Amino acid sequence: MAGLPPDPKGWSVEQVKQWAVAEVGIDAEDADQLVKQKIGGRALHTLTKLDLERWGMPGGPAGLLMEAIEGLGGGGGSSSVAAEPELSSKRARLDAITLQEGDGAELESVLW
């Protein structure tokens with residue numbers, strides 16, 4: 001990835017777009033969704049395919065982008081729960097509360 005810093009988490013919004021077009025192969029028009037949503041390198045690793053599609057990116061490019069994000073080693077939002085122990089622990093507690101209480105009443109306190 002010539003011209004880009006080696007650590008994707010340090011990429012600017014424009015560098016993410018450059019990577020998405022040049023390396024992933026999505027159209028500039030689809031990559032503009034990343035710019036519109038101000039997705040820099042750190043935010044790139046939090047994305048889910050649902051986010052991308054909700055912002056208007058077609059399923060094909062969204063899938064390619066998610067696959068490429070996972071290939072960067074940071075994982076996308078769909079797999080980041082397993083990669084982040086603290087988040088994984090909070091998710092497990094949330095699941096337990098939801099099962100015990102039958103609703104998400106304590107959702108906010110568990111997540112934050």
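What follows is a friendly conversation about a predicted model.

Modeller: This is a predicted model, where local features need pLDDT of at least 70, side-chain atom pairs count only at pLDDT 80 or more, and totals for chains, interfaces and linings use all residues. Residues are numbered from 1 along each chain as its sequence is written, and side-chain values use heavy atoms, with hydrogens and water left out.

Colleague: Thanks! How many helices and strands does the protein chain have?

Modeller: Eight helices and zero strands. Helices (H or I, at least four residues) and strands (E, at least two) are DSSP runs, numbered from the N terminus.

Colleague: Why is histidine 45 called buried?

Modeller: Buried means under 20% relative accessible area, exposed over 50%, and partly exposed in between (1.4 Å probe, protein chains only). Histidine 45 has 7% relative accessibility, so it counts as buried. This residue, histidine 45, sits in the loop between helix 3 (41–44) and helix 4 (49–54).

Colleague: How many aromatic pairs does the structure hold?

Modeller: The structure holds one aromatic pair. In it, the ring centres of tryptophan 11 and tryptophan 19 are 5.6 Å apart and the planes stand at 45°, so the pair is tilted. For the cut-offs, rings of Phe, Tyr and Trp (its six-membered ring) pair if their centres lie within 6.5 Å; planes under 30 degrees apart count as stacked, over 60 as edge-to-face and the rest as tilted. Both tryptophan 11 and tryptophan 19 are buried.

Colleague: Why are helix 1 and helix 5 called roughly perpendicular?

Modeller: Angles under 35 degrees count as roughly parallel, over 145 as roughly antiparallel, 65 to 115 as roughly perpendicular and the rest as oblique. The axes of helix 1 (residues 13–24) and helix 5 (residues 59–71) cross at roughly 100° and come within 11 Å, so the two helices are roughly perpendicular to each other. Contact (heavy atoms within 4.5 Å) is made by Trp19, Ala20 and Val24 of helix 1 and Leu64, Leu65, Ala68 and Ile69 of helix 5.

How values were computed: Axes are lines fitted to C-alpha atoms, for helices over the stretch in contact, and angles run from 0 to 180 degrees between N-to-C directions.
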